[in-house]
Amino acid sequence: YAADKDPLDVLSKLGGLDICGMAGLFIGGALYGVPVIIDGFISAVAALCAYRLNPLCAEYMLPSHASAERGYRLAMEAMGLEPMLLMNMRLGEGSGCPLAFRVLEAACAFTNNMATFDEASINDDYLEEIREKDCYTV
């Protein structure tokens, strides 16, 4: 594909200012280590453009939901990404992003605020037997 050889040329000829701006946002997110949500087909196209310019950008891309558009699936496959939500949504840009933010906020809250067994005064002696067993034998 021509996009593989010269993604900037393809972007300048086929991408509107919205796609160019979003591609720049994905690149900037990667540059500054800030994750950016991919939400829907148009932002997936912009993300793919950024990825074609620098594949390392994908490490900072978080696909929110699986768009029903065929091109969305192809873009995700090309970047090796999987959306976090599979909800058969076809509501346009911005519909899965608020849901993804809530999932990410919950994950961060669990990680940052969940008490350890010691902090919660839970006796975990019963786990010793499980820890000693060889989990890989049937």
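The crossing of α4 and α5 is left-handed. Keep in mind that this is a predicted model. Helix α5 covers residues 70-79, and the axes of α4 and α5 come within 9 Å. They cross at roughly 30 degrees. Angles under 35 degrees count as roughly parallel, so α4 and α5 are roughly parallel to each other.

Who touches whom here? From α4, we have F41, A44, A47, L48, Y51 and R52. They meet G71, Y72, A75, M76, A78 and M79 of α5.

Now the other partner of α4. Helix α3 runs over residues 17-32, and α4 over residues 41-53. These two pack at an angle of about 55 degrees, axes 8 Å apart. That makes α3 oblique to α4. The crossing of α3 and α4 is right-handed. On the α3 side, the contact is made by D18, I19, M22, A23, F26 and I27. On the α4 side, look for I42, S43, V45, A46, A47, C49, A50 and L53. Note A47: it is in this contact, and A47 also meets α5.

Next, the surface. L8 sits in helix α2, residues 7-14.

Side chains of opposite charge can pair when their charged atoms come close. How many salt bridges does the structure hold? Two. One of them links K13 to D9. Their closest N and O atoms are 3.1 Å apart. Both K13 and D9 belong to α2. They are four residues apart, about one turn of the helix.

Definitions and conventions
Residues numbered from 1 in each chain as written. Predicted model: local features only at pLDDT ≥ 70, side-chain atom pairs only at ≥ 80, totals over all residues. Heavy atoms only, no water. Axes fitted to C-alpha atoms, helices over the stretch in contact; angles between N-to-C directions. Parallel < 35°, antiparallel > 145°, perpendicular 65-115°, else oblique. Left-handed = near helix turned anticlockwise from the far one by under 90°. Contact = heavy atoms within 4.5 Å. Salt bridge = Lys/Arg side-chain N within 4 Å of Asp/Glu carboxyl O.
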